[in-house]
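Trainee: I have the sequence and the model open. Can you take me through it?

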Amino acid sequence: YQPKMDIVTNKIWGVEALIRWNHPKHGLVPPLQFISVAEETDLIIDIGRWVLKEACLQNRKWQEENLKSFSVAVNVSPRQFQNPGFYDDVNQAIEQSGMNPDYLELEITESMLMSDVEEAVNKLKRLIGVGLSMAIDDFGTGYSNLKYLVNFPISTLKIDQTFIKDVETDDSIAALTHSIIKMAKSIHLKIVAEGVETKNQVSFLRDHGCNIVQGEYYSKPLPAEEFVELLKKERT
C-alpha cells in the first residue's frame, strides 16, 4: 500500500493497493515481471478479483480500527475491464467487505478507453453507479483524445511518473506537466502526480497547483502492517 499525500497538509489523502508476488526463492517480485504473463494466460482475472477483495477488506479493517477513512485505489487490467464478469466482481468485493463504495477508486489507462469509446462510457457509468470513483492512470503516455476525456465519467487524472522525473531538468516537460494540471482543473478533475522522489519535484507541483502526490519521497509501497504504523504516526 502506497500513500497518496496532500502536500499542503502533509497528511495521507488516499492509498493505492499495489501487488507483489512473494516468491519463495526470489522474494518480492515486482508486477512488471509477471503481470504480462498473467494477462496472456487470463490468470489476471483471478488475480484482479483477489486484489479487489483484499484491498476492500483491508480498507474496511482500517476504518473499523478507527485509524482513518480514505479511498483505496486498485488498478484494473485491460483483460479485467473487458471481462463480462468484472462488474459482478467489483460488486462482490464491496459487499463482502462491507466497505462503503465511496472509499473505492478504480484506476484504468487511456488505451483501455479508446478501443471502443461508447462501450467504455457505458461500462464506466455502470461502475460509478455502484458509488465508486474512477481515475485515469499514467495520463499522457497513451492516446490522449481530449475531446473524449470530458465525456468519460472519471474524477481523477494521474500524471505519469515519466513526466514527473524530468520536470526539474526539461523545460518542455515542465511546461507540458503544468498544462496537464491546468487542463484537469479546468474540467473539475482531481489531479495526482505519481513517482515523486525529490523535494524539488514536490515544490514544482505545489507551485503549479497539484497538491496530491504519490511516490518514494514520502513512502515506498508498504505491507499492510507497516502502513498501519504510518497511519498511527500521522495521528500522533
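Trainee: Are helices H2 and H4 roughly parallel or roughly antiparallel to each other?
Mentor: Their axes (lines fitted to C-alpha atoms over the stretch in contact, angles from 0 to 180 degrees between N-to-C directions) come within 8 Å and cross at roughly 25°. Under 35 degrees counts as roughly parallel, over 145 as roughly antiparallel, 65 to 115 as roughly perpendicular, the rest as oblique. H2 and H4 are therefore roughly parallel.

Trainee: What should I know about the numbering and the model?
Mentor: This is a predicted model, where local features need pLDDT of at least 70, side-chain atom pairs need 80 or more, and totals for chains, interfaces and linings use all residues. Residues count from 1 along each chain as its sequence is written, and side-chain values use heavy atoms, without hydrogens or water.

Trainee: Which residues of H4 does H2 meet?
Mentor: Helices are DSSP runs of H or I, at least four residues, and strands are E runs of at least two, numbered from the N terminus. Contact means heavy atoms within 4.5 Å. From H2 come Arg49, Leu52, Lys53, Cys56, Leu57 and Arg60; they meet Phe86, Asp89, Val90, Ala93, Gln96 and Ser97.

Trainee: How many residues in that contact are charged?
Mentor: Asp, Glu, Lys and Arg count as charged; Ala, Val, Leu, Ile, Met, Phe, Trp, Tyr, Cys and Pro as nonpolar; the others, Gly among them, as polar. The H2 contact with H4 has six nonpolar and two polar residues, and the charged ones number four.

Trainee: What is the volume of the largest pocket?
Mentor: A pocket is an open set of points on a 1 Å grid where a 1.4 Å probe fits, with protein on both sides within 12 Å along at least five of seven lines; lining residues have an atom within 4 Å of a point. Volume is the space filled by probe spheres on points joined across faces, edges and corners. Here that gives about 1100 Å³.

Trainee: Which element gives the second largest pocket the largest share of its lining?
Mentor: That pocket has a volume of about 610 Å³. Among its 21 lining residues, Tyr1, Leu18, Ile19, Arg20 and Pro223 are the closest to its centre. The largest share is six residues, from H2.
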